[in-house]
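Subject: A structure for you to explore

Hi there,

Here is the structure I promised to pass on. Have a look at it first, and then read my notes below.

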Amino acid sequence: MLFKRKRKAVKGVGMGASVSESVGANIGRFITMEGTEGVGKSTNLGFVRDWLTSRGIHVVVTREPGGTPLAEEIRHLLLSNRDEPVFPLTELLLIFAARAQHLEQVVKPALARGHWVLCDRFTDSTFAYQGGGRGFDRAQIRQLETLVQGTLRPDMTLILDIDIELGLSRARQRSEPDRFEGETIAFFQRVRGVYQELAASAPERYTLVDAGQPLAAVQEDITQVLVTLLDGRG
Ligand code: ATM
């Protein structure tokens, strides 16, 4: 119901190749940021938010898993360390359940209002962590992606890339590892490998940023991407 109503109002959010392509220039852009542990996502999300806001763009910053009260509860379930094993299928379905709620409750309404959505992780994390990390079949993840998102995809995805051991040593100084952070180096190497593959497969959609550089250089690279995106706003 909600979906049908929205399609009418914004001419197809959730159905087009990307939000902007499907609904023209008045619609917001959907930007996602990805990366492995300790890559500097929080700092750089703040940078992107401030850069866009200072240019008069209304930015909604959100995250996955999470972004709504229910989806945040699912996040807590997913990240908590527990004695009971969490089966890969359970994990995958919980992630897409949280995503379904987040999309309907936050992402699609914001885009329909013409706001830009800046999301800390999205489905590329699922390809990287559940696909690469857990070994889930990519075609099955694609089926769930289509079920939950239709053909809605981010307009632009920044993947912050860093040497795994360097990133983990940074992240582990911050807090006790959660259920994902406690994974092995080999797990994170596979995650990183999928991110690198995704970036190579569609350079018009993904930018792989070397997050091992000094922060100023990282943010210079990010700025170039944002300038291009803004120029193409129509
Ligand atoms: P952050 O720590 O970046 O908020 O991410 C929470 C974890 O959720 C992240 N853990 N690590 N390391 C990766 C995990 N995650 C998935 O496994 N699949 C997904 O689709 C998403 C969105 C997150």
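Which residues are around the ligand? They are Glu37, Lys41, Glu64, Pro65, Ile95, Arg121, Ser125, Thr126, Tyr129, Gln130, Phe180 and Glu181, where a residue is near a molecule if its C-beta atom, placed from the backbone, lies within 6 Å of it.

Before going on, please note that this is a predicted model, in which local features need pLDDT of at least 70, side-chain atom pairs count only at pLDDT 80 or more, and totals for chains, interfaces and linings use all residues. Residues are numbered from 1 along each chain as its sequence is written.

Helix 6 gives the largest share of the shell, four residues. Helices (H or I, at least four residues) and strands (E, at least two) are DSSP runs, numbered from the N terminus. By class, the shell has four nonpolar, three polar and five charged residues. For these classes, Ala, Val, Leu, Ile, Met, Phe, Trp, Tyr, Cys and Pro count as nonpolar, Asp, Glu, Lys and Arg as charged, and the others, Gly among them, as polar.

Two residues of the shell deserve a second look. The peptide bond from Glu64 to Pro65 is cis, with omega near -10 degrees, and Pro65 is found in the loop between strand 2 and helix 4 (69-79). Arg121 is not a glycine, yet it has a positive phi of about 75 degrees; its place is in the loop between strand 3 (116-120) and helix 6.

Five strands form an open sheet in the order 2-3-1-4-5, with parallel pairing; two strands pair if DSSP finds at least two bridges between them. Strand 2 (59-63) and strand 5 (206-210) are the edge strands, each pairing on one side only. From one strand to the next, the twist averages 20 degrees. Strand 1 (residues 30-35) pairs with strand 4 (residues 156-161) in the parallel sense over five bridges, and Gly35 stands opposite Leu160 in strand 4.

Now for helix 6 and its packing. Helix 6 (residues 123-133) packs with helix 7 (residues 138-149) at an angle of about 150 degrees, with their axes 10 Å apart. Axes are lines fitted to C-alpha atoms, for helices over the stretch in contact, and angles run from 0 to 180 degrees between N-to-C directions. Helix 6 and helix 7 are therefore roughly antiparallel to each other (angles under 35 degrees count as roughly parallel, over 145 as roughly antiparallel, 65 to 115 as roughly perpendicular and the rest as oblique). In their contact, Thr123, Thr126, Phe127, Gln130 and Gly131 of helix 6 meet Arg138, Ile141 and Glu145 of helix 7; two residues are in contact if their C-beta atoms, placed from the backbone, lie within 7 Å. This contact of helix 6 with helix 7 has two nonpolar, four polar and two charged residues.

Helix 6 also packs with helix 9 (residues 185-201), at an angle of about 135 degrees and with the axes 8 Å apart. Helix 6 and helix 9 are therefore oblique to each other. The residues of their contact divide into eight nonpolar, four polar and two charged.

Best wishes
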